[in-house]
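Dear colleague,

Please find below the structure that I am handing over to you.

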Amino acid sequence: MTKIIFICEGNICRSPMAEFIFKNMLDKANMAKDFDVTSRATILDTNGQGFYSKAKEQLIKHQIPFTDHLASQITIQEFRNADYIIGMENYNLVLLKRAIFIRDESKLHCLLDFTDTKRDISDPYYTRDFDKAYEDISYGCEGLLKYFKNKK
């Protein structure tokens, strides 16, 4: 089973959106049983906070199923057990490297690195553009799914 952890700074917008979008794509591709997908924060500040309402609204708008979600910072053990740590932007990976002294960066990726558009996904908590964040995350998840289909 492939363990994937999506990360963003607070785990209240982008990374949980990516978690549920990707889970939905895996379900539709009949690949869900092969993956363990979750999301985490790089910072402790938002621990225990719920899914940001505007991010949740995007999932509802696009008919993406989701469950209750509470923000949680990634632990060293989760990092060690994961096969892929996928950040929404490079700064997420920088924060993670600072929080967990990482020697092997082979499991660290940015979501849009799995597409032909190698750039960061802007944080909608600050930009207020949740439509754009959804589009970018969905596009990145499509690229990630294609990557795993090609690995078979």
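**The sheet and its helix**

F6 has I86 in β3 as its bridge partner. Please bear in mind throughout that the model is a predicted one. The strands concerned are β1, residues 2-8, and β3, residues 84-87, which pair in the parallel sense over 4 bridges. Helix α1, spanning residues 14-28, packs on the sheet and touches β1 and β2. The direction of helix α1 makes about 170° with that of β2.

The sheet itself is open and has 4 strands, in the order β2-β1-β3-β4, with parallel pairing. Why is one side of β2 and of β4 left without a neighbour in the sheet? Strands β2 (35-41) and β4 (108-110) stand at the edges and have a single partner strand each, so one side of each has no neighbour there. On average, neighbouring strands of this sheet are turned by 25° against each other, direction ignored.

**The largest pocket**

Rolling a probe the size of a water molecule over the atoms shows where empty space is left. The largest pocket has a volume of about 150 Å³. Its lining consists of C8, E9, G10, N11, I12, C13, R14, I43, T46, D123, Y125 and Y126.

**Salt bridges**

Side chains of opposite charge can pair when their charged atoms come close. How many salt bridges does the model contain? The count comes to 11. One of the pairs is formed by E57 and K54, whose closest N and O atoms are 3.9 Å apart. Both E57 and K54 belong to helix α2, residues 53-61, where they lie 3 residues apart, about one turn of the helix.

Yours sincerely

Conventions: Residues are numbered from 1 along each chain as its sequence is written. This is a predicted model: local features need pLDDT of at least 70, side-chain atom pairs count only at pLDDT 80 or more; totals for chains, interfaces and linings use all residues. Side-chain values use heavy atoms; hydrogens and water are left out. On a 1 Å grid over the protein atoms alone, a cavity is a set of points where a 1.4 Å probe fits but cannot get out, and a pocket is an open set with protein on both sides within 12 Å along at least five of seven lines; lining residues have an atom within 4 Å of a point. Grid points are joined across faces, edges and corners, and a volume is the space filled by probe spheres set on the points. Two strands pair if DSSP finds at least two bridges between them. Helices (H or I, at least four residues) and strands (E, at least two) are DSSP runs, numbered from the N terminus. Axes are lines fitted to C-alpha atoms, for helices over the stretch in contact, and angles run from 0 to 180 degrees between N-to-C directions. Contact means heavy atoms within 4.5 Å. A salt bridge is a side-chain nitrogen of Lys or Arg within 4 Å of a carboxyl oxygen of Asp or Glu.
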